[in-house]
Amino acid sequence: MRLLLTVLKRIHKPPADTSRPRCLSSSASSGLLPLRDEALILGSSRELVQRLGSQVEVRTTFITEEEEGALLRELEPGLKKKRYEFDHWDDAIHGYRETERVRWGPACEEVLNRVRSVAFPQGSPLLGPVHILDLDKTGYIKPHIDSVKFCGSTIAGLSLLSDSIMRLVKEDASNEWLELLLPRRSLYILRDQARYNFTHEILKDEESVFNGQRVARQRRISVICRNLPD
């Protein structure tokens with residue numbers, strides 16, 4: 001099933017920044033990491049972080065352990081019937097299985113309504129099915145920009161089971177980049193320029209380092225909501 005509507009944009013990795021990382025303060029990190037109340041968004045420059053500040057969000061502990069468990073109980077039976085794939089139709093993902101879901105139990109529907117209320121403008125038409133992407137521990141998402149044909153200006157994703165790092169790089173200027181620490185049970189939101197002028201990717205486990213801190217990647221399930229194009 002071809003559910004992920006993306007166009008792969010390969011880019012060079014951003015050069016190592018030996019100066020002190022610029023950052024945008026956010027809330028505390030997940031309990032899995034020995035990090036204090038540090039920034040969850042780093043950038044190649046203070047100006048870039050400030051410019052995209054309203055278009056990139058990471059909200060930690062957006063769901064509880066109990067809510068994560070409810071989501072997993074609904075998702076695992078269907079996912080277990082699928083095999084992990086290591087080649088994607090547009091070469092955007094490695095080591096994944098995916099599905100989409102329209103109907104949810106009351107507890108999960110309450111979580112998704114909360115996601116929709118904070119991520120999308122009131123009255124914004126939403127893409128009906130919720131996209132579920134299950135990455136194996138060895139899996140990763142390559143740099144890409146989502147198709148503008150079927151998806152709108154905003155994407156919002158819950159991170160289940162694992163912390164991870166998302167990297168955004170400007171499509172026409174690879175020296176402009178952001179890195180987002182996505183703790184387990186957090187919500188990320190990308191809007192507008194951050195969505196369509198920057199590629200985004202989820203780093204491999206062996207590349208998963210944030211602000212000098214090793215972030216071990218495990219199996220990761222993302223629950224992704226999108227709005228429809230205008």
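**Exercise 1.** Among contacts in the chain between residues at least 6 apart in sequence, what percentage join residues at least 24 apart?

*Solution.* Start with the kind of model: it is predicted. Next, take the contacts between residues at least 6 apart in sequence; 80% of them join residues at least 24 apart. For the setting, the chain's secondary structure consists of four helices and 14 strands.

**Exercise 2.** Decide where the coordinates should not be read in detail.

*Solution.* Begin with the average: the chain has a mean pLDDT of 85, and 82% of the residues score at least 70. Then look at residues 1-38, where pLDDT stays under 50. The model still gives this stretch 104 contacts beyond four places in sequence. Low pLDDT means that predicted coordinates should not be read in detail.

**Exercise 3.** Describe burial and the nonpolar cores.

*Solution.* First, the totals: 53% of the 230 residues count as buried. The accessible surface is about 11000 Å², with 49% of it belonging to carbon and sulfur atoms.

Second, the largest nonpolar core contains 31 residues. Val56, Met166, Leu168, Leu178, Leu180 and Leu190 have the most contacts inside it. Strand S9, residues 173-182, gives the most to this core, namely four residues.

Third, a separate core has 25 residues, including Ile63, Leu72, Phe120 and Val223.

**Exercise 4.** Which residues does Leu180 touch, not counting residues up to four places away in sequence?

*Solution.* Going along the sequence, Leu180 touches Leu40, Ile41, Val56 and Val58, then Ser164, Ile165, Met166 and Leu168, and finally Leu190 and Phe210. Of these partners, Val56, Met166, Leu168 and Leu190 are also among the residues with the most contacts inside the largest nonpolar core.

Methods
Residues are numbered from 1 along each chain as its sequence is written. This is a predicted model: local features need pLDDT of at least 70, side-chain atom pairs count only at pLDDT 80 or more; totals for chains, interfaces and linings use all residues. Side-chain values use heavy atoms; hydrogens and water are left out. Helices (H or I, at least four residues) and strands (E, at least two) are DSSP runs, numbered from the N terminus. Buried means under 20% relative accessible area, exposed over 50%, partly exposed in between (1.4 Å probe, protein chains only). Contact means heavy atoms within 4.5 Å. Accessible areas come from the Shrake-Rupley method with a 1.4 Å probe; for residues, only the protein chains shown count as cover. pLDDT is the predictor's confidence in each residue, from 0 to 100. A nonpolar core is a set of buried Ala, Val, Leu, Ile, Met, Phe, Trp, Tyr and Cys residues joined through side-chain atoms within 4.5 Å.
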